[in-house]
Amino acid sequence: MVFLLSCILVCSLSACKGIELENKTEAIEEYTKSQAMILIANEINKYQNAYSKNLWKVEINEKGETLDRLIVQNVQEFMSEIKLLNILAKEKGVELTSLERDDVRQMTEEYLGMMSDADREYIGCSADDVTKVYTDYYIATKMARLLVGANEVDISDSEVRVMKIMIIGTADIKKAKAILKKIKIDNQSFNSMASRYTELEQIEMSLARGTNNDLIEKVAFTLEEGQVSNILSQGDMYYIIKCVDDYDEAAVKSRKEGIITALNSKEYKAVMEPYRELHKIAFREKFWNEQQLRRTSGSTIDSFFDIFKKHAGD
């Protein structure tokens with residue numbers, strides 16, 4: 001669930017009754033079933049829309065639980081962390097600005113406008129419910145970003161560069177020399193030579209800088225697009241590689257985002273674990289333990305986080 005979820009996934013959530021604050025238990029305002037169903041339906045529909053309703057028939061563990069049950073448990077943990085971050089935000093005086101509250105108003109209107117009759121019947125939420133969940137999520141995300149300083153992480157594209165190569169591998173040095181001659185002197189297509197003569201399972205691959213630090217990677221990152229290497233000896237094999245794309249922009253962006261997320265998650269965990277020990281949250285409403293929160297309802301809405309990202313940029 002975007003930035004905040006990427007942080008939460010690395011954390012282990014504790015459970016007890018209420019919130020323990022310096023050996024005191026303080027009651028909390030729990031989320032209602034309708035509020036929880038906004039996120040439960042979102043995640044269930046996301047899977048169902050991507051795959052099929054047959055997904056729910058598959059048992060995922062020895063207890064006989066199905067995926068929808070696991071989704072409900074994950075949403076419960078996620079909303080527990082939202083509540084915890086809101087408590088911390090209140091302590092620190094972090095709240096939404098007037099512009100951010102206007103974002104929430106627009107999110108609520110857009111979400112409600114996308115709901116079908118089946119969605120409304122299944123989720124059972126009001127405009128106030130949607131506003132509540134968006135507001136709490138917005139504050140939680142804002143607090144999480146302040147904790148990890150997400151915008152301050154600086155990783156250069158060069159550090160996470162990803163390139164695409166074609167590769168030929170053989171255990172026969174004479175064969176390798178003959179292939180290289182055909183490519184470099186006889187101008188034979190690298191692709192055709194690879195398809196005909198390689199002893200490897202694949203002839204195309206992506207390389208990420210700093211992943212293997214072997215000879216193939218080191219040589220590959222010296223090549224420009226279209227260049228072919230000499231014969232590389234590594235282990236019991238001989239390799240010839242060609243640079244197809246010396247800078248895979250989409251892959252670089254994805255890798256960079258993944259590294260930043262991992263760094264943020266690590267920092268988030270270091271900050272939040274001690275706080276969580278003093279502020280332990282568990283929801284006691286019975287609906288969390290109901291076995292049939294999913295129904296053949298016709299509900300399809302799965303845009304809660306997409307709408308948030310559109311307006312809040314998370």
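Which backbone nitrogen does the side chain of E30 reach at 3.2 Å? In this predicted model, the backbone nitrogen is that of E285.

**The chain as a whole**

The protein chain has 314 residues, of which 44% count as buried. Its secondary structure comes to eleven helices and six strands. Among contacts with a separation of 6 or more, 79% are between residues 24 or more positions apart. The chain exposes about 17,000 Å², and carbon and sulfur atoms supply 47% of that area.

**The sheet**

Strands of a sheet pair through backbone hydrogen bonds, and the pairing can be parallel or antiparallel. Here four strands form an open sheet in the order 4-3-6-5, with antiparallel pairing. Strand 4 (204–208) and strand 5 (232–234) stand at the edges. Each of these two has a single partner strand, so one side of each is left without a neighbour in the sheet. On average, neighbouring strands of this sheet are turned by 45° against each other, direction ignored.

Strand 3 (residues 162–170) and strand 6 (residues 237–245) run antiparallel and are joined by seven bridges. Within this part of the sheet, K164 stands opposite D245 in strand 6.

**Helices on the sheet**

Two helices can be described together with strand 3 and strand 6. Helix 7 (residues 173–184) lies across both strands and runs at about 25° to strand 6. Helix 8 (residues 190–197) packs on the sheet and touches both strands as well. The direction of helix 8 makes about 45° with that of strand 3.

Where in the chain is E30 found? E30 is found in the loop between strand 2 (24–26) and helix 2 (33–50). Is E30 buried or exposed? The relative accessible area of E30 is 16%. Buried means under 20%, so E30 counts as buried.

The side chain of E30 reaches two backbone atoms, as the table shows.

| From | To | Distance |
|---|---|---|
| Side chain of E30 | Backbone nitrogen of R284 | 3.1 Å |
| Side chain of E30 | Backbone nitrogen of E285 | 3.2 Å |

Leaving aside residues up to four places away in sequence, E30 touches Q35, F283, R284 and E285.

Note on methods. Residues numbered from 1 in each chain as written. Predicted model: local features only at pLDDT ≥ 70, side-chain atom pairs only at ≥ 80, totals over all residues. Heavy atoms only, no water. Buried < 20%, exposed > 50% of the residue type's maximum accessible area, 1.4 Å probe, protein only. Polar contact = N/O pair within 3.5 Å; in protein donor to acceptor, adjacent residues only side chain to side chain. Contact = heavy atoms within 4.5 Å. Pairing = 2+ DSSP bridges. Axes fitted to C-alpha atoms, helices over the stretch in contact; angles between N-to-C directions. Areas by Shrake-Rupley, 256 points an atom, 1.4 Å probe, with all protein chains shown as cover.
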